[in-house]
Amino acid sequence: MLIAETSFFANFVAETIGSNAVAPHLPVLQVAIPLIAAPLCVLFGNRTMAWMIALVTTLISLAISINLLDHVTTFGAISYHIGGWAPPLGIEYIIDPLNALVLLIISMIGVLTVLYGRLSIAQEILPRDQTLFYACLMLCFTGLLGVTATADAFNVFVFLEISSLSTYVLVAQGANRQRRALTAAYDYLIMGTIGATFFVIGIGLLYMATGTLNMADLAERIVPIYDNKTVLAAFAFIIVGIGLKVAIYPLHFWLPNAYTFAPTAVTVFLAATATKVAIYVMLRFMFIIFRPDFVTTSHILEFIILPFAIIAMFAASFVAIFQADVKRMLAYSSIGQIGYMLLGVSFYSEKGLTATLIHLFNHAITKAALFMALGAMVYVVGSSMLNRIQGLGKKMPLTSLLFVLASLSLIGIPSTAGFISKWVLIEAALEKQGHWFWVLIAFLIVASSLLAVIYIWRVVEMLYFKEPMQNVEIKEAPMGLLLPTFALVIACFYFGFDTSLTYDTAEMAAKILLGGAQ
Amino acid sequence: MMRHHVILRVITKVLIGPIILFAFYVQFHGDYSPGGGFQAGVIFAVAFILHGLVFGLSTVQKVMPPKWVHKLIALGLLIYAGTGFAGLFMGGQFLEYNVLAHDPIHGQHNGILIIELGVGMTVAAVMIAIYYAFAARPPRISDEEW
């Protein structure tokens, strides 16, 4: 019955999206449908209804993003003029393989978060807050999709703020379980706002220097004024501002607390999407607005991005080893993984950027699967501390197995998605022949993966080689939590074998970034 | 009901009408003159906040229950996004006003008026919600809870 209805719904959505009347409007519908879902959640004012609305919205978004990705990889970029006003005057949305991949990540994780959230959110959030929680989740979803879809520099800022503001609220909802979520959200609020302010100052300076906000137009008008101090200052402000959102190594202080104390579903969603979108914005500004030759003359890649990426890979992984809270450990591991993505950027080659984008996708599914599996343990045990999850390998065999399988992908064992991204990254490093330095970098990538083995092993040891705590009744986590986790774990392995989606799209996107195929 | 501050109470009652009227003026004159949803929304909310300051939170919440405030925030956004969708359904782009009436100029007028109505509603409700949130702040968190 339910399956029949679901397949009917899926068919209906697929047919509607494919139809001639709707298809040209998909770039804006991708953003506008979640936007309309948020107020609907509030107006219905019923938490079951809100969950249903969120689920239907995310499913439609997923269908749209799959359709868009399919379209742009075959036919090339789509441009959409909001309100019929032609760019550069009006706001333009452009979907190309680069952002279509990010849109797919966001909407895919969105669907799974909402599915996972039915039980997890019901347990962690007070019933009276759940409706507004889903409304905030939808706003955050809208914001991230909007940041990704738009081709207007100021519009990026607006959507970035929509997603950030709702994220602060979502993180603060963890206060129901741990009061410290409030300070975590406050820290994030302060850091995020500083980041957003820097970002908007940067855009303001760009506007001052060029008189336009449309990305393509900006890119053209910047070329003759590369030496302009205003443009240089704008570049610095934008990189630092968005760097705060990316959690580039020295700007990462908000991240561990925000991920640790947020409700599980929020952690899953944020870990898999928010920093990824920020990296996307950074790439788009660096390589499409400022153009690669500007970036190379500013020497930011080799003197800022590269060293900090390597420090992040080691320092964050090293800190992760000593965490007593598994959730915090995974948060530090995220900072390290961001290091890998930035390392790919700093290679400044097609292969390097491909590695970044593949890792963007692969790390999103891997980390989401890990946080989901951990969340299932938290659901049963009530805590993510290492000593509380000991012996769960016997009591919760499925959950523990899923955690271990997902962590294989985090470490980068062959046949998992994580392996593919690290392989391409190492390939990119070795491709830059002629200097021992790049061989050293390749070695460092492998060495830092070993650190991941150490911190993951600590969890595995606790799960399987310690006696479960007596006097506590522990059962396997419910299927409602395990199935979404299972789906992501399958994805972790699927994308370890079939890389046609990730690798080809990422390669196409890398070409766009380096100005090859536009 | 407290009987002091007679002047404040009387002046407030006298002022609330003109404040709301002025809010509507700014709202509906927004397409010709400076003004529009943001300014009108704030002015509109001022009437309620003033009422709350003078007569107390519970009194103003009888006029504008917190639950309604939430719905109004959502409704405003829905009107805005809904106008965008109306443009789509009438055969234009998202948020294209030209198609909202028989000729484009009227369409632009209609579009901006409806959008500003949505903006005004949301801004007013958000201002009131912020006032409610601060005025009805729960007691501070005790040290043990951190």
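**Figure 1. Contact between chain A and chain B in the predicted model.** Chain B contributes 19 residues to this contact, and chain A contributes 14 residues. On the side of chain B that touches chain A, 11 residues are nonpolar, five are polar and three are charged.

**Figure 2. The largest nonpolar core.** This core comprises 238 residues. The residues with the most contacts inside it are A:Cys41, A:Leu101, A:Val171 and A:Ala368. Helix α11 of chain A, spanning residues 264-289, supplies the largest share of the core, with 20 residues. In soluble globular proteins, nonpolar side chains tend to be buried together.

**Figure 3. Surroundings of A:Cys41.** A:Cys41 is one of the residues with the most contacts inside the largest nonpolar core. When its neighbours within four places in sequence are set aside, A:Cys41 is in contact with A:Ala50, A:Ile53, A:Ala54, A:Thr131, A:Tyr134, A:Ala135 and A:Met138.

**Figure 4. Crossing of helices α15 and α21 of chain A.** Helix α15 (residues 350-381) and helix α21 (residues 500-513) have axes that come within 8 Å and cross at roughly 130°. At that angle, α15(A) is therefore oblique to α21(A). The crossing in which α15(A) passes α21(A) is right-handed.

**Figure 5. Residues at the contact of α15(A) with α21(A).**

Notes:
Residues are numbered from 1 along each chain as its sequence is written. Chains are lettered from A and ligands numbered from 1 in the order in which they are written. This is a predicted model: local features need pLDDT of at least 70, side-chain atom pairs count only at pLDDT 80 or more; totals for chains, interfaces and linings use all residues. Two residues are in contact if their C-beta atoms, placed from the backbone, lie within 7 Å. Ala, Val, Leu, Ile, Met, Phe, Trp, Tyr, Cys and Pro count as nonpolar, Asp, Glu, Lys and Arg as charged, and the others, Gly among them, as polar. A nonpolar core is a set of buried Ala, Val, Leu, Ile, Met, Phe, Trp, Tyr and Cys residues joined through C-beta atoms within 7 Å. A residue is buried if 20 or more other C-beta atoms lie within 10 Å of its own, exposed if 12 or fewer, and partly exposed in between; C-beta atoms are placed from the backbone. Helices (H or I, at least four residues) and strands (E, at least two) are DSSP runs, numbered from the N terminus. Axes are lines fitted to C-alpha atoms, for helices over the stretch in contact, and angles run from 0 to 180 degrees between N-to-C directions. Angles under 35 degrees count as roughly parallel, over 145 as roughly antiparallel, 65 to 115 as roughly perpendicular and the rest as oblique. A crossing is left-handed if the near helix is turned anticlockwise from the far one by less than a right angle, and right-handed if clockwise.
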